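The following exercises concern the sequence and structure shown below.

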Amino acid sequence: MKTLLAAYSGVQKGTGSSILSALLELPSAPWLSKSKLVKHLQVISVLHFILTFLALGIASTVLLVYLFCTDCWVIAALYTAWLIFDWNTPKQGGRRSTWVRNWTVWTYFRDYFPIRLIKTHNLLPSRNYIFGYHPHGIFCFGAFCNFSTEATGFSKKFPGIRPSLATLAGNFRLPLLRDYMMFGGICPVNRNSIDYLLSRNGTGNAVVIVVGGAAESLDCAPGLNSVTLKNRKGFVKLALQKGADLVPVYSFGENEVYKQVMFAEGSWWRHVQRRLQKLLGFAPCLFHGCGFFSSESWGMVPYCKPINTVVGEPITVAKVEDPTPDMIDMYHSMYINSLTTLFDKYKTRFGLKETDYLLVR
């Protein structure tokens, strides 16, 4: 009983680690060892992330509409009024919470795979940056863990730099989900939001853009090292207009955590996926991981595969308010070369063969 009270006390004080400490002090059962308990907590933390982004927005919208039809309509009305008042906050730097970014749950999330952040060069707090993150994978586990939490120690490795992971703007129209994402420093991937961060929020900002987007998620599978980049030049133009340095980022292992049914280009199923991608803003991938209790069964839990995110050398970009197409092409080529060099330098260190290469689509 004292142990349970200690755990509750830890929750009240905001120390999530007290929960695990108290649980680990409970008498051990033959079917639940300490190592299994930790593993289950790691799995729960990953499922928490997945279900939050898949269901929280829809569930909270349905709940809000339902509350308007009950005696609790005042609560729904007050939240809706707040939502209208706060509508533009995601476009104006958001509402970052250091407390949320340091939740203990994110360390369990990190250790499940595990996820590591590798620094190769220093970044100057006097500059702004655009990080190009590759590859997308299914859920961008590496991008979220490294740049929307402090589980891998981003602020310690890059002091003075504030990362903002850019994602679909539609997510910020959904109640509760928008607030939850803003607490992690996540922002909409649209012009207004990125303009604000790179021109009206001082220096030391790093906007993280998953360049390949939804299209790239359709081409992710174990053993496949490809990025959708050849015709993606908007982020380069934006970097030139704002004078933000470009930083290539590659996550080794991001494509390994799920298995996906791959449809051939030109097939009817791939055509349906492309059409739904344009309509919904995200790609409807047919994928599977393992089950909650067994790695032999199918489920939503990703496979335990290491994800190593390498932050490359920044490419210094001069500010040009109206860059020419030739200038954009030049920096785009520099970026591709830098990303390819980064991949080749670290591929054998993280389990790939010397003959493996990065396919730029």
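## Exercise 1: Strands of the sheet

Task: state how strand β3 is joined to strand β5, and in which direction the two run.

Solution. Strand β3 (residues 162-167) and strand β5 (residues 205-210) run parallel and are joined by five bridges. Within this pair, Leu-165 has Val-208 of β5 as its bridge partner. Strands here are DSSP runs of E with at least two residues, helices are runs of H or I with at least four residues, and both are numbered from the N terminus. Two strands count as paired if DSSP finds at least two bridges between them.

The model is predicted: local features need pLDDT of at least 70 and side-chain atom pairs count only at pLDDT 80 or more, while totals for chains, interfaces and linings use all residues. Residues are numbered from 1 along each chain as its sequence is written, and side-chain values use heavy atoms, with hydrogens and water left out.

Solution. The open sheet is formed by seven strands in the order β1-β11-β7-β2-β5-β3-β4, with mixed pairing. Contact means heavy atoms within 4.5 Å.

## Exercise 2: Helix pairs

Task: describe how α12 and α14 cross.

Solution. The axes of helix α12 (residues 234-242) and α14 come within 9 Å and cross at roughly 110°. That makes α12 roughly perpendicular to α14. Residues that make the contact include Phe-235 and Leu-240 of α12, together with Ile-328 and Tyr-331 of α14. Axes are lines fitted to C-alpha atoms, for helices over the stretch in contact, and angles run from 0 to 180 degrees between N-to-C directions. Angles under 35 degrees count as roughly parallel, over 145 as roughly antiparallel, 65 to 115 as roughly perpendicular and the rest as oblique.

Task: describe how α3 packs with α4.

Solution. Helix α3 (residues 34-68) and helix α4 (residues 73-85) have axes 7 Å apart and pack at an angle of about 130°. That makes α3 oblique to α4. Leu-64, Leu-67 and Phe-68 of α3 meet residues of α4 including Trp-73 and Tyr-79.

## Exercise 3: Buried residues

Task: locate Ser-148 and decide whether it is buried or exposed.

Solution. Ser-148 is found in the loop between α7 (141-147) and α8 (154-157). With a relative accessible area of 2%, Ser-148 is buried; buried means under 20% relative accessible area, exposed over 50%, and partly exposed in between (1.4 Å probe, protein chains only). Leaving aside neighbours within four places in sequence, Ser-148 is in contact with Arg-101, Ala-143, Leu-165, Gly-184 and Ile-186.

Task: state how many residues the largest nonpolar core has.

Solution. The largest nonpolar core has 51 residues, and Phe-109, Phe-113, Phe-131, Phe-141 and Phe-147 have the most contacts inside it. Apart from this core lies another, of 35 residues, among them Ala-166, Ile-209, Leu-238 and Tyr-346. A nonpolar core is a set of buried Ala, Val, Leu, Ile, Met, Phe, Trp, Tyr and Cys residues joined through side-chain atoms within 4.5 Å.
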